[in-house]
Amino acid sequence: MTMDRVIEKKTRPLWQWAGIAIAVGALLWFVWGMLGDASIRTFRLPEQQTTIASVQYGPFEDVTPIRGSIQPFNSVFLDAVDGGVVEEVLVEEGSFVEVGQPLLQLSNTDLRLNVARNDTSITEQLNNLSNISNGMETTTLNTERQVIEIEYRIAVLERQEQRLKQLATDSLVPQEQYESIVDELVYQRKLLRNTKARQSLEDRIRKDRMQQIALQVNKLEENLALSQSSFENLLVRAPIAGQLTSLLVEVGENKTRGQRLGQIDVVEQYKIVAQVDEYYVTRVALDQSARFTLAGSQYQARVIKIYPEITEGTFTVDLVFEGSAPENLRRGQTLQLDLTLGSAVESLLLPLGSFIQDTGGNWVFVVASDGEFATRRDIRVGRRNNRFVEIIDGLQQGERVITSSYAQMLTMERIQLTN
């Protein structure tokens, strides 16, 4: 009878246990990585569909692009003062006109009748004032004549009184005759004093009244001139010399009072009327400079007026040319200018792109050093111009940033760049 033999179980070698541990660790690391990647919102994007720019350090020019149009420095609008029917157009649109040159003739029957009635009424009032003035002059002359007659009578009585005085003393003439002359002389002297007092009063009254009449006459003459000028306004004349850039009339057309007829521009000097984004409303100031290029040459302009009204997100500024102005400018011609808001400062810069509209400059996607992924990062920006945005915090020089549109990636945390 044979006996069973115990079979000893062989143990694994240590190197096998080590291999198993490494394999299990690699598996766990792979699973952990897969789960970690799955938890990050990732957007796959072909690299050729993106624009990538590097953060750089350099001078930041504090400028903003503006678009302006050429306008005459001085313009005068032609409006219908009294209105009427266009009877005749004397000058063609676009012509150069001189001061006082007739441009068009209007007709207005009602205005003609009103002017005629006003002329008649004013003429009657002027005649009445003239009659009053003549009457006062006549009264003055009559009073002066009375003074002359009284003075003459006194002189005669004084001579008679001297002759009769001695005769009455010698009883050669009746005493009664002498006393009669004396009484008459006393009466005439009193009458003279009274007449001169009345003359003085009349002079004061006449002086005050003549001043009033002069004022009334001046007013009536002004009214008469205004009435006649309103009739003369039917012939529209050029108030300044320049180019008649618009004449909005047709023969037979009825123009109401105050309606626009046309415009005359002074073409010797132009200005630039530009629209600026309201974002810069607190940073635009008088005398700031702007530059632009036209026909291969660079020119300078200067801000001379800022309009406070903001319309549809923009406000208006006027600029004039500094130094020589471009030749052959045309009214309404558009220019693209760079308005300088401040002096150049060395700063960390990132080229502008569509991302700035999508994020407001609050965050960007920064490309990793291996170029396979771009991760979202919060940043802080400062000023911006038409080329760069100033980086205050969040990026370093040399880092690469996706600057194209983020419209499809606003909720993503990472972008996987594919070939």
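A strand here is a DSSP run of E of at least two residues, and strands are numbered from the N terminus. I needed that before looking up Glu312, which sits in the loop between β13 (297-311) and β14 (314-322). I note that the model I am reading is predicted.

**Entry 1: Glu312.** I looked up the backbone of Glu312 and found a positive phi of about 55°, although Glu312 is not a glycine. I then checked its surface. Glu312 counts as exposed because its relative accessible area is 81%, and exposed means over 50%.

**Entry 2: Asp287.** I looked for another loop residue and took Asp287, in the loop between β11 (260-277) and β12 (289-294). Its phi is near 70°, again a positive value in a residue other than glycine. I read 53% relative accessibility for Asp287, so Asp287 counts as exposed.

**Entry 3: Phe96.** Phe96 belongs to strand β6, which covers residues 96-97. I then looked along the chain and found Leu244, 148 residues apart from Phe96 in sequence, with the two C-alpha atoms separated by 6.0 Å. Setting aside neighbours within four places in sequence, I listed the contacts of Phe96 as Gln101, Gly242, Gln243 and Val267.

**Entry 4: Thr195.** I moved to a helix, α3, which runs over residues 175-232 and holds Thr195. Thr195 has 2% relative accessibility, so I put it down as buried; the cut-off for buried is under 20%. Which residues does Thr195 touch, not counting those up to four places away in sequence? I found Thr143, Gln146, Val147 and Ile150. I also noted that a polar atom of the Thr195 side chain lies 2.7 Å from the backbone oxygen of Leu191.

**Entry 5: the whole protein.** I counted four helices and 22 strands. For 419 residues, a compact globule would have a radius of gyration near 22 Å, but I read 52 Å for this protein. The box filled by the C-alpha atoms is roughly 225 × 55 × 45 Å along the principal axes. I noted that 33% of the 419 residues count as buried. The protein exposes about 26,700 Å², and carbon and sulfur atoms supply 51% of that area.

**Entry 6: contacts and charges.** I looked at contacts between residues at least 6 apart in sequence, and 77% of them join residues at least 24 apart. Last, I looked up the charges: there are 43 positive and 55 negative, and their mean positions are 5 Å apart.

Definitions and conventions: Residues numbered from 1 in each chain as written. Predicted model: local features only at pLDDT ≥ 70, side-chain atom pairs only at ≥ 80, totals over all residues. Heavy atoms only, no water. Rg over C-alpha atoms; globule rule 2.2 N^0.38 Å. Buried < 20%, exposed > 50% of the residue type's maximum accessible area, 1.4 Å probe, protein only. Contact = heavy atoms within 4.5 Å. Areas by Shrake-Rupley, 256 points an atom, 1.4 Å probe, with all protein chains shown as cover. Lys, Arg positive; Asp, Glu negative; His and termini not counted. Charge placed at Lys NZ, Arg CZ, Asp CG, Glu CD. Polar contact = N/O pair within 3.5 Å; in protein donor to acceptor, adjacent residues only side chain to side chain.
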